Amino acid sequence: MGGEKADLRARSIPVGALANLPEVMNSYGADAWPLLASYGVTEELLTRHPLRSLPIETHGRILHAAAQQTGCDHLGLLLGQFASLANTGPLRFLVTNADTVGDALDAVARFSPIWYRGITAVLGAERGYASLSLTLEGLFPGREQLLTAYLVAYVKILELLLARSWRPAMVRISYREPASADVYRRFFGAPVHFNESRHEVLFPEEVLQQPVSDTDPTLQRFFHGHLQQLQTGTGRDVVGQVRRAVEESLQAGDCNVDKIAQLFSVHRITLYRHLARAGTTFEEVVDQARRDLAEQFLSQTDLPLAEVSRLLGYRNQSAFSRAFRRWHNIPPLRWRRNRTHDAH
């Protein structure tokens, strides 16, 4: 258990992401500073050292407590609206000097993990629509507020690249529909679907080809090279990379060691060797990914068990139920009821 906690705390994001929390909480008549101080976050830290890392679990707990103090179930939605590229270091220069919107989003997805460790953005395509999805490893208080804040932040980036009047075609949210669902729909200006498998924004695929105005090719080359050097220096761990690939492959229904090894352009024996050096196996990574995702889907959505089983790559619901009993010694539906009862 201690090892799991240490791994979770190793994931971090800049403390500056909380800079506007006092303003949001103040609008509900609450003072954020005692809460922030209890987690070691001071005004000086937010203003003078905004890029200093803070554990991602701590961010979540702060947002969870803030939502409770204000009674605002869409606090992440409000906080995300203050987002800018200010807390992404030199990445903001690459984004604003990209050739196209697609290049800019690709840069965000590729390089933001240098500062935002633990939040994964994936740019994809689906039936004529581009999709930008977010995943967050681990299950902890405030997780849903954190994911929403960052989804809104990506929408703000798209507004910056396109126009403030730009709106997505559809938004997907990976938790139950809150009482404030209409607030979500008004902000996004698009259909918002809850109880989905991930946080995701969709828009017409041709948007990716739109040029970014006033680009500077010299700055683009410089910052692309600089960020590549920074990325190499972060020492991205093989377990984290394999874990992210596993999660994507599970939901696509084609997760196996040969497929994952192919993604990394290595033989499966080489992949096994890298994971062994990190103290784990491919099977353990898959099992832990399935367990974490199962807990997320069951505690934060109303997805039926058959759909959860499919998203986790099980051949049928019975296989999923057996695995869940092995993890928790109780059936998944009873675990869901217990978590729902505890939450209330």
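Are Phe324 and Trp327 buried or exposed? Phe324 is buried, and Trp327 is buried as well. The views below come from a predicted model.

**View 1. An aromatic pair within helix H17.** Phe324 and Trp327 both sit in helix H17, residues 317–328. They are 3 residues apart, about one turn of the helix. Their rings form an edge-to-face pair, with 6.0 Å from centre to centre and 70 degrees between the planes.

**View 2. The aromatic cluster and a charge over a ring.** Phe324 and Trp327 belong to one aromatic cluster with Tyr314, Phe320 and Trp335. Arg290 lies over the face of Tyr314, at 4.0 Å from the ring centre.

**View 3. Strand S4 between two partners.** S4 pairs with strand S3 (residues 119–126) in the antiparallel sense, over 8 bridges. S4 also pairs with strand S7 (residues 199–204), again antiparallel, over 6 bridges. Leu134 is the bridge partner of Ala121 and of His199 in S7.

**View 4. The S3–S4 hairpin turn.** S3 and S4 form a hairpin with 2 residues between them. Arg127, in the turn, has a positive phi of about 55 degrees.

**View 5. An aromatic pair across the chain.** The model has 9 aromatic pairs. In one of them, the ring centres of Trp166 and Phe203 are 5.8 Å apart and the planes meet at 75 degrees, so the pair is edge-to-face. Trp166 lies in the loop between helix H9 (143–161) and strand S5 (170–172), while Phe203 lies in strand S7, 37 residues apart. Both Trp166 and Phe203 are buried.

**View 6. Arginine over phenylalanine.** Arg167 lies over the face of Phe187, at 5.8 Å from the ring centre.

Technical notes: Residues numbered from 1 in each chain as written. Predicted model: local features only at pLDDT ≥ 70, side-chain atom pairs only at ≥ 80, totals over all residues. Heavy atoms only, no water. Pairing = 2+ DSSP bridges. Helix = DSSP H or I, 4+ residues; strand = E, 2+ residues; numbered from the N terminus. Phe/Tyr/Trp six-rings, centres within 6.5 Å; stacked < 30°, edge-to-face > 60°. Buried < 20%, exposed > 50% of the residue type's maximum accessible area, 1.4 Å probe, protein only. Lys NZ or Arg CZ within 6 Å of the ring centre and 35° of its normal.
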